[in-house]
Amino acid sequence: MSARLAGNVAIVSGGLRGIGRAITERFVGEGAHVVLTDLDSEDSDVVAELRAAHGDKVTYARADVTSEDDWQTLRDMVAGRHGRLDILVNNAGTDLTGAVETIAMEDWRRIMAINVDGVFLGCKTFTPMLAETGARRKGGASIVNVSSIMGIVGYGEVSAYNASKGAVRLFTKGLAIEFATKGMPIRANSLHPGFVRTPLLAAGFKRWVESGAAESEQDLIDAMDAQTPVGRMAEPDEIAGPALFLASEDASYMTGAELVIDGGWTAQ
Ligand SMILES: NC(=O)c1ccc[n+]([C@@H]2O[C@H](COP(=O)([O-])OP(=O)(O)OC[C@H]3O[C@@H](n4cnc5c(N)ncnc54)[C@H](O)[C@@H]3O)[C@@H](O)[C@H]2O)c1
C-alpha cells in the first residue's frame with residue numbers, strides 16, 4: 001500500500017509531546033514532511049532527540065501559537081523551503097480548571113490566547129498557501145483543528161476550557177462553509193479526543209490533587225477510566241490515526257465535521 005501522505009508537507013503545532021508528537025510520528029510514517037512547532041528552544045534535548053529519530057523528515061521551528069509574528073515567520077520559512085502546505089494541524093493547547101469564581105482574568109485570557117487565538121492565527125496565516133496547494137490535491141488541503149469532547153459537552157469546573165474548545169469547534173465549521181462556498185480547495189474539520197494519557201493530562205491531574213479536589217492522581221485516573229464506556233483512557237497514538245484520516249485524501253468529502261475519539265464517553 002502506498003504511503004497516504006507521500007509528498008505532502010504538514011504543520012503540527014505543539015508537536016513535541018503528547019497528541020501532537022503522535023500525529024507527527026504517524027504523518028512521517030505515511031510519507032509526509034512535518035514542520036513541527038513548539039515553545040522549546042532549538043537546542044533543547046527533546047528537539048535533538050526528534051532530529052535523531054527523524055532526520056530531515058521533520059523540521060523543528062520554535063513558534064508560539066499566540067504570536068502572529070511567529071506564524072508569519074513560519075509561513076515565510078515554509079514558503080521558502082517547501083513552496084507548499086497540504087495539511088495544517090492546530091494542536092497546541094493548554095488547560096485550566098477551577099470554579100468560575102476562582103478563575104483569574106489573566107488565566108482566562110491565557111487559555112483563550114493559546115487555544116483560540118492560536119488556532120485562528122494558524123488558519124489565517126496559512127489559508128492562502130493551503131488554497132494554492134489544495135488546488136493540486138483531491139478534496140483540497142486539510143485543516144485539522146484539535147478541539148476536545150470538552151468542546152461538545154460541559155463539565156464542572158472546566159468551564160474556561162469548555163469555552164475555548166467550543167470556540168474551536170464552531171470556528172472550524174464557519175471556516176469550512178466559508179471555504180466551500182467560495183470554491184476554495186481547503187477542508188476544515190475538528191478533532192475531539194476524550195481523555196488521553198499525555199503530559200497535559202498528567203499536569204492537570206496533579207493540580208487537581210494539589211487544590212484538594214481529589215485525594216490522589218490515581219483516584220482521578222480510576223475515575224476517568226470508570227466514566228469511559230470502554231473502561232480506559234486513550235493513548236496518544238489512538239488519536240493520530242483519526243487525525244491522519246482527516247488529513248488524507250480518504251476524507252476528501254469531509255469538511256465542517258467533528259470527529260469524536262472518546263471511547264464512547266459522549267455517547268452516554
Ligand atoms: N490530553 C487530553 O486528554 C486531551 C483531550 C482532548 C483534547 N486535547 C487537546 O489536544 C491538544 C494536545 O494536548 P496534549 O494533551 O497532547 O498536550 P501536551 O501538553 O502533552 O502537549 C501540548 C504541546 O503544546 C505545546 N504548547 C503549549 N502552548 C504552546 C504555545 N503557546 N505555542 C506552541 N506550542 C505550545 C506544549 O509545549 C506541548 O509540547 C491540546 O489542544 C489539548 O487541549 C487533549
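User: First thing, is H1 mostly covered or mostly exposed?
Analyst: Mostly covered: 10 of the 12 residues in H1 are buried. Keep in mind that this is a predicted model.

User: Which residues of H1 are the buried ones?
Analyst: Gly-18, Ile-19, Gly-20, Arg-21, Ala-22, Ile-23, Thr-24, Arg-26, Phe-27 and Val-28.

User: How does the length of H1 agree with what its 12 residues should span?
Analyst: At 1.5 Å a residue, H1 should span 16 Å, and its end C-alpha atoms sit 17 Å apart, so the two agree.

User: And what happens just after H1?
Analyst: Gly-31 comes there, with a positive phi of about 95°.

User: Switching to strands. Are the faces of S4 covered or open?
Analyst: Both faces of S4 (residues 87-90) are covered. Ile-87 and Val-89 are buried on one side, Leu-88 and Asn-90 on the other.

User: What does S4 pair with?
Analyst: Strand S1 (residues 9-13) runs parallel to S4 and is joined to it by 3 bridges. S4 also pairs in the parallel sense with strand S5 (residues 141-146), over 4 bridges.

User: Which residues are bridge partners of Ile-87?
Analyst: Ala-10 has Ile-87 as its partner in S4, and in S5 the partner of Ile-87 is Ser-142.

User: Zooming out, how many helices and strands does the chain have?
Analyst: The protein chain has 8 helices and 7 strands. Its radius of gyration is 18 Å, close to the 18 Å that the globule rule gives for 268 residues, so the chain is as compact as a globular protein of that length.

User: How much of the chain is buried?
Analyst: Buried residues make up 42% of the 268.

User: Last one: what share of the contacts with a separation of 6 or more comes from residues 24 or more positions apart?
Analyst: Those account for 74% in the protein chain.

Technical notes: Residues are numbered from 1 along each chain as its sequence is written. This is a predicted model: local features need pLDDT of at least 70, side-chain atom pairs count only at pLDDT 80 or more; totals for chains, interfaces and linings use all residues. Helices (H or I, at least four residues) and strands (E, at least two) are DSSP runs, numbered from the N terminus. The radius of gyration is taken over C-alpha atoms; the globule rule is 2.2 Å times the number of residues to the power 0.38. A residue is buried if 20 or more other C-beta atoms lie within 10 Å of its own, exposed if 12 or fewer, and partly exposed in between; C-beta atoms are placed from the backbone. Two residues are in contact if their C-beta atoms, placed from the backbone, lie within 7 Å. The expected span of a helix is 1.5 Å times one less than its number of residues. Two strands pair if DSSP finds at least two bridges between them.
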